[in-house]
Amino acid sequence: SAGGGHRTAHPECHHTARVKPQFESQTNKTCANFTAIAYRDQLVAGMNYFIKVQVSENDYIHLRVFQSLPQANQGPRLDGFQTGKTRDDPITYF
(Lines give C-alpha, C1' and ligand atoms only; values in the text may rest on other atoms or scores of the structure.)
Protein backbone atom coordinates (compact mmCIF):
# COMPACT_ATOMS: atom_id res chain seq x y z
CA SER A 1 0.00 0.00 0.00
CA ALA A 2 1.20 3.46 -0.81
CA GLY A 3 1.90 5.76 2.10
CA GLY A 4 1.96 9.52 2.19
CA GLY A 5 4.51 11.57 4.05
CA HIS A 6 4.09 13.42 7.31
CA ARG A 7 2.21 16.63 6.61
CA THR A 8 0.93 19.63 8.48
CA ALA A 9 -2.81 19.30 8.93
CA HIS A 10 -4.98 21.38 6.62
CA PRO A 11 -7.84 20.08 4.41
CA GLU A 12 -8.29 16.87 6.37
CA CYS A 13 -8.99 18.85 9.55
CA HIS A 14 -12.71 18.58 8.82
CA HIS A 15 -12.38 14.82 9.32
CA THR A 16 -11.07 15.50 12.82
CA ALA A 17 -14.12 17.54 13.79
CA ARG A 18 -16.46 14.95 12.29
CA VAL A 19 -14.94 12.03 14.24
CA LYS A 20 -14.59 13.93 17.54
CA PRO A 21 -18.00 12.68 18.80
CA GLN A 22 -16.96 9.10 17.94
CA PHE A 23 -13.71 9.51 19.90
CA GLU A 24 -15.51 11.05 22.87
CA SER A 25 -18.12 8.28 23.01
CA GLN A 26 -15.49 5.52 22.69
CA THR A 27 -13.32 7.01 25.45
CA ASN A 28 -16.13 8.47 27.58
CA LYS A 29 -14.28 11.81 27.58
CA THR A 30 -15.18 15.30 26.48
CA CYS A 31 -12.37 17.25 24.83
CA ALA A 32 -12.61 21.04 24.93
CA ASN A 33 -9.59 21.18 22.62
CA PHE A 34 -9.41 18.84 19.61
CA THR A 35 -7.01 20.42 17.14
CA ALA A 36 -5.42 18.51 14.26
CA ILE A 37 -1.67 19.19 14.18
CA ALA A 38 -0.38 16.86 11.46
CA TYR A 39 -1.42 13.79 9.54
CA ARG A 40 -0.33 10.98 7.24
CA ASP A 41 -2.50 9.24 4.72
CA GLN A 42 -2.65 5.74 3.27
CA LEU A 43 -4.53 4.84 0.10
CA VAL A 44 -6.69 1.74 0.58
CA ALA A 45 -10.23 1.15 -0.78
CA GLY A 46 -10.72 4.75 0.23
CA MET A 47 -8.20 6.61 2.37
CA ASN A 48 -6.86 6.09 5.87
CA TYR A 49 -5.82 9.30 7.61
CA PHE A 50 -3.54 9.15 10.63
CA ILE A 51 -4.06 12.46 12.41
CA LYS A 52 -2.19 13.95 15.36
CA VAL A 53 -4.69 15.86 17.51
CA GLN A 54 -3.94 18.19 20.40
CA VAL A 55 -6.49 17.62 23.19
CA SER A 56 -4.90 19.78 25.91
CA GLU A 57 -1.80 21.92 26.36
CA ASN A 58 0.59 18.95 26.58
CA ASP A 59 -1.61 16.01 25.64
CA TYR A 60 -1.93 14.59 22.14
CA ILE A 61 -3.66 11.63 20.56
CA HIS A 62 -3.32 9.93 17.19
CA LEU A 63 -6.47 9.02 15.27
CA ARG A 64 -6.94 6.55 12.43
CA VAL A 65 -9.81 7.84 10.30
CA PHE A 66 -11.15 5.97 7.29
CA GLN A 67 -12.82 7.89 4.47
CA SER A 68 -14.46 5.63 1.91
CA LEU A 69 -14.48 6.37 -1.79
CA PRO A 70 -16.83 9.21 -2.83
CA GLN A 71 -19.32 6.88 -4.49
CA ALA A 72 -19.89 5.16 -1.11
CA ASN A 73 -21.34 8.49 0.11
CA GLN A 74 -20.29 7.91 3.73
CA GLY A 75 -18.67 10.26 6.20
CA PRO A 76 -15.33 9.66 7.91
CA ARG A 77 -15.20 6.81 10.42
CA LEU A 78 -12.93 6.62 13.46
CA ASP A 79 -11.20 3.24 13.14
CA GLY A 80 -8.67 3.53 15.94
CA PHE A 81 -6.78 5.84 18.23
CA GLN A 82 -3.68 6.02 20.41
CA THR A 83 -3.59 8.18 23.54
CA GLY A 84 -0.73 9.49 25.67
CA LYS A 85 1.16 11.02 22.77
CA THR A 86 3.40 14.10 22.73
CA ARG A 87 3.71 16.83 20.11
CA ASP A 88 6.97 15.27 18.90
CA ASP A 89 5.82 11.66 18.63
CA PRO A 90 5.99 10.51 15.00
CA ILE A 91 2.74 9.54 13.34
CA THR A 92 2.91 5.85 12.50
CA TYR A 93 0.50 3.55 10.72
CA PHE A 94 -1.51 1.46 13.18
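Reader: Taking helices and strands as DSSP runs, with helices of at least four residues and strands of at least two, numbered from the N terminus, where is the place of Asp88?
Author: In this predicted model, Asp88 falls in the segment that comes after β5, the strand covering residues 77-85.

Reader: And is Asp88 buried or exposed?
Author: Asp88 has a relative accessible area of 70%, and it counts as exposed because the cut-off for that class is over 50%.

Reader: How far is the C-alpha atom of Asp88 from that of Lys52?
Author: The separation between those two C-alpha atoms is 9.9 Å, although Asp88 and Lys52 are 36 residues apart along the chain.

Reader: Staying in that segment, what does Thr92 touch once residues up to four places away in sequence are not counted?
Author: Thr92, which also lies after β5, touches Arg40, Phe50 and Gln82 on that count. Thr92 itself is partly exposed, at 36% relative accessibility.

Reader: Changing topic, how confident is the prediction, as a mean pLDDT?
Author: For the protein the mean pLDDT is 88, and 88% of its residues reach 70 or more. By element, confidence is highest in β5, at 97, and lowest in strand β1, residues 7-8, at a mean of 70.

Reader: How many residues of β3 are buried?
Author: Of the 11 residues of β3, 9 are buried, so the strand is largely enclosed by the rest of the structure.

Reader: What joins β3 to β2, then?
Author: β2 and β3 run antiparallel and are joined by 9 bridges, one of which can be followed from Gln42 to its partner Asn48 in β3.

Reader: What is His15 in contact with, leaving aside neighbours within four places in sequence?
Author: His15 lies in helix α1 and is in contact with Tyr49, Ile51, Val65, Gln67 and Pro76 under that condition. At 5% relative accessibility, His15 counts as buried.

Reader: Switching to rings, how many aromatic pairs are there?
Author: The count comes to 5 aromatic pairs. Among them is Phe23 with Phe34, a tilted pair at 5.6 Å centre to centre and 40° between the planes. This pair links distant parts of the chain, with Phe23 in helix α1 and Phe34 in the loop between α1 and β2, 11 residues apart. Both residues count as buried, Phe23 at 1% relative accessibility and Phe34 at 13%.

Reader: Which pair is edge-to-face?
Author: Phe50 and Tyr93 form an edge-to-face pair, at 4.9 Å centre to centre with 70° between the planes. Here too distant parts of the chain are linked, since Phe50 is in strand β3 and Tyr93 in the segment after β5, 43 residues apart. Phe50 is buried, with a relative accessible area of 1%, whereas Tyr93 is partly exposed at 33%.

Reader: What sits over the ring of Tyr93?
Author: The charged end of Arg40 does, 4.3 Å from the centre of the Tyr93 ring.

Reader: Back to the other pair: which rings are linked into a cluster with Phe23?
Author: Ring pairs link Phe23 with Phe34 and Phe81 into a cluster. Phe34, leaving aside its neighbours within four places in sequence, is in contact with Thr16, Lys20, Phe23, Val53, Gln54, Val55, Ile61 and Leu63.

Terms used: Residues are numbered from 1 along each chain as its sequence is written. This is a predicted model: local features need pLDDT of at least 70, side-chain atom pairs count only at pLDDT 80 or more; totals for chains, interfaces and linings use all residues. Side-chain values use heavy atoms; hydrogens and water are left out. Contact means heavy atoms within 4.5 Å. Buried means under 20% relative accessible area, exposed over 50%, partly exposed in between (1.4 Å probe, protein chains only). Two strands pair if DSSP finds at least two bridges between them. Rings of Phe, Tyr and Trp (its six-membered ring) pair if their centres lie within 6.5 Å; planes under 30 degrees apart count as stacked, over 60 as edge-to-face and the rest as tilted. A charge sits over a ring if NZ of Lys or CZ of Arg is within 6 Å of the ring centre and within 35 degrees of the ring normal. pLDDT is the predictor's confidence in each residue, from 0 to 100.
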